[in-house]
Amino acid sequence: MDVPDPLEWERVLIGGVIVLLAPVLGAALRMLLGRLSKRAEDTPWAWDDLTIRLLRDLAVVLTVVAGAWAATLTVRFQPGVRNVIASVLVAVIILAVTLALARMAAGIVTTIVLARSGVSQSVTIFANITRAVVLVVGVLVLLQSMGVSITPMLTALGVGGLAVALALQDTLANLFAGVHILASKTVVPGDYVRLTSGEEGNIVDINWRKTTIKTLSDNLVVVPNSRFADAILTNYHGPGSEMSILIQAKVAYDSDLDRVEKVVVEVGREVMTEVEGGVPDHRPLVRFHTFGEHSIDFTVILRVREYDAQFLVKHEFIKRLHARFRNEGIQIPLPTRSIVLDGEWTPSLPAQRTS
């Protein structure tokens, strides 16, 4: 290693002190920014949090680099050594800034997506793509600063990327399908969906390759994003989580339909008010619709807060309606058949065999 000529130990000592004090100053600055970050979390804006976090991530690195460069200038190294140190310090700065910007960019994307969808699981794929793009750009800038020509590399990456794209068609199809699903906000994690292929349940995760659905039996169904994006589905949380449920019932032909309607509405109001998952403000509706073979059929329309609540609401409504019908003397008919015979008819018996 080259040393200053003539050797000036005083300059070397000063440079060493600068190098030792730089990390201490960086750590103190990081602690100060950490306190400011806690105060920034109390504000309604997210941008001040991200900016302070970026400065906190760079505080130690930039302080150490600045101290190393100040020490280099103080010691007065030879031009060749000084250029090497400068190149190393620039590379360190580019690498540190790239990592910090990647984290900040991912945080910005997370903040924007959360503000629009409100579901944390849906930001994973966007944050990862943003982080990867920033890292790739930072590495290219780093190579360019070190004197490495990136033009042939970009050409090679273009040709190689085409080959990789052909080899990974299914993977890329799932990736872009996942981005499309999240960007369109047709469904988000937490929604209850039913596919035409029969799968149904709550979406628990959408990542770069697959969509995971949790069924009511607590099993996980994994659907590739490309197939999920092309599927015809019903989203029971769209446009809102509240939904109407239809319950079929029937009464005998000799029933007073006005009285039947009044009783059913009263039971429905009780269920809406007292059963968890019901919508208290909803007025139950009764619609008679069919003259059946042995009954008059009707539909009761109730409303629940979300899909899973319908099972308890239906359970309680049927129990209470059955008990109320019995108390009111309203008959729920059983299937019957009446046979009308004209004139006298004597069934013929098979003749007995004679041996």
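Val133 lies in helix H4, which spans residues 124-145; helices here are DSSP runs of H or I with at least four residues, strands are runs of E with at least two, and both are numbered from the N terminus. The model is a predicted one, in which local features need pLDDT of at least 70, side-chain atom pairs count only at pLDDT 80 or more, and totals for chains, interfaces and linings use all residues. Residues are numbered from 1 along each chain as its sequence is written, and side-chain values use heavy atoms, with hydrogens and water left out.

Val133 counts as partly exposed because its relative accessibility is 48% (buried means under 20% relative accessible area, exposed over 50%, partly exposed in between, with a 1.4 Å probe and protein chains only). Together with Ile129, Val137 and Val141, Val133 makes a nonpolar surface patch of about 310 Å².

Six aromatic pairs occur in the structure; rings of Phe, Tyr and Trp (its six-membered ring) pair if their centres lie within 6.5 Å, with planes under 30 degrees apart counted as stacked, over 60 as edge-to-face and the rest as tilted. Tyr307 and Phe311 form an edge-to-face pair, 6.0 Å centre to centre with 80° between the planes. Tyr307 counts as buried because its relative accessibility is 5%, whereas Phe311, at 42%, counts as partly exposed.

Finally, Asp218 is placed in the loop between strand E3 (210-214) and strand E4 (220-224). Its phi is near 65°, a positive value in a residue other than glycine. Asp218 counts as exposed because its relative accessibility is 56%.

Terms used. Patch = residues over 30% accessible without salt bridge, like charges linked within 9 Å, V, L, I, M, F, W, Y side chains within 5 Å. Areas by Shrake-Rupley, 256 points an atom, 1.4 Å probe, with all protein chains shown as cover. Salt bridge = Lys/Arg side-chain N within 4 Å of Asp/Glu carboxyl O.
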